[in-house]
Structures are given as structure tokens and as C-alpha cells.
Amino acid sequence: MVLGTQHATGTLQSGGRPVAQPMQETLLEALQQHLAMELNASSAYWALAVWFAERELRGFSRTFKEESDQERNHAGLFADYLIVRGQPVALGSINAPKQVWNDIEDILSSVFQMEVDVTTSLNQLYALAEQSGDVRTTVFLDPLIDNQTASEDEAAHRLGRWRLCGGEPAALLILDAELAGGKAGPAKLAD
Ligand SMILES: [Fe+2]
């Protein structure tokens, strides 16, 4: 069975997929950079899962491992989308994640900022897609932006809860137990 064009050397090539709408180069590069950002976020969260596991804080560790899995899945969504559009999935290098932290405040503030930066990147992608009249991409991004706002909310909630505790070790154990029980989301007033 032949799965695409092959060089005389036997290297399997991609490129057989028809392209319904060409993608503007700047938008393509921005999508590829965003995919790398998601992989870096996954790596950063995984390092935090390790950091908390080393300190017996299993709820935080579990939460950040789940976040890591979600970020890798987000990268998968971008890879899938680029393939759907017949575009190359160029993977950049993944940065070494930060593993040395001053305190919990430092970590939770950094996590919140990381989520804000991802939102900013998604918003920039959306603007680029609009500028180039690429409606397929704006439709692809819509649910991701909605989801990202929820991620910001959760990160802000975790930091707000921690600040409420005023750095008390006993309170940290309570927060950790909340996270371990999967009951740590922000309050919701609508059904
Ligand atoms: Fe993400």
C-alpha cells in the first residue's frame, strides 16, 4: 500500500492532502508558535506536579499533572487543525521548565501569568485570522478561547484562595485536600 509520494531514497513524504483555502504565512507561523507554547506550558505544569509531589502535596501535584495533560492535548488540537488545513506541523524546541521556586505565592502567581500569556497569544491568533479573512481559523479558535478564559479563572481562584490563607501551613493542607478531592473550582452563581 502506498501512503503518499515517495522519493527514490524511500523517504515518505507528506503533501498529498488537498488544500481548501491557503493559509497566510504569518498566521501559519503564529499557529505553530502557539502550539509550541502549549507544549511548553505542559512541560511547566509537569515540573510543578513533580515539585508538589516531592513535598507531599498530592492535591496540587494531581491538579498540575492534569493541567499538563490538558496543555498537551491543546497542542494536539493545533496539530490536528494544521493537518486538516494541509499545513506543516513544525515543532520548536521545548524549554527546560523552571524547578526552583521561592514559595507557593511565587508558583501560583507564575501559573496565573502563564495562563494570561496563553490567552494573549490566542487573542493575537484570532486577530490575525480575522485580518486574513480566515474564518475557518476563527471558528476553530472560538471554543479554545472560551476554555482558556476558564483556565485563567481557575488559576486566579487558586491564587486568591492561597492569599486568603495568608501563608498558613495548616491552610495549605486544606487547599491541598480540596484539590485532591477535585472540589476546588471557583464559585458559580448560574446553574
Ligand atoms: Fe492550553
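Reply: Along the sequence, the residues that donate to the iron ion follow the spacing E-x32-E-x2-H. They are Glu38 (OE), Glu71 (OE) and His74 (ND1), and these protein donors lie 2.0 to 2.1 Å from the iron ion. A donor here is an N, O or S atom within 2.8 Å of the metal (3.2 Å for Na, K and Ca), and since water is not among the atoms, sites may look incomplete.

A word on the ground rules: this is a predicted model, in which local features need pLDDT of at least 70 and side-chain atom pairs count only at pLDDT 80 or more, while totals for chains, interfaces and linings use all residues. Residues are numbered from 1 along each chain as its sequence is written, and side-chain values use heavy atoms, with hydrogens and water left out.

Now back to the iron. Glu71 and His74 are about one helical turn apart, because they are 3 residues apart in helix 2 (residues 58–84). Helices (H or I, at least four residues) and strands (E, at least two) are DSSP runs, numbered from the N terminus. Glu71 is buried, with a relative accessible area of 1%, and His74 is buried as well, at 10%. Buried means under 20% relative accessible area, exposed over 50% and partly exposed in between, using a 1.4 Å probe and protein chains only.

Leaving aside neighbours within four places in sequence, His74 is in contact with Glu38 and Asn147; contact means heavy atoms within 4.5 Å. Asn147 leads us to a helix pair. The axes of helix 2 and helix 4 (residues 135–165) come within 12 Å and cross at roughly 170°, so helix 2 is roughly antiparallel to helix 4. On the helix 2 side the contact includes Thr63, Phe64, His74 and Tyr81, and on the helix 4 side it includes Phe140, Asn147, Glu154 and Arg158. By type, the residues of this contact divide into 7 nonpolar, 4 polar and 4 charged. For these terms, axes are lines fitted to C-alpha atoms, for helices over the stretch in contact, with angles running from 0 to 180 degrees between N-to-C directions. Angles under 35 degrees count as roughly parallel, over 145 as roughly antiparallel, 65 to 115 as roughly perpendicular and the rest as oblique. Ala, Val, Leu, Ile, Met, Phe, Trp, Tyr, Cys and Pro count as nonpolar, Asp, Glu, Lys and Arg as charged, and the others, Gly among them, as polar.

Not counting residues up to four places away in sequence, Phe64 touches Tyr45, Leu48, Ala49, Phe52, Leu108, Val111 and Arg158.

Finally, the whole chain has 5 helices and 0 strands, and buried residues make up 39% of its 191 residues.
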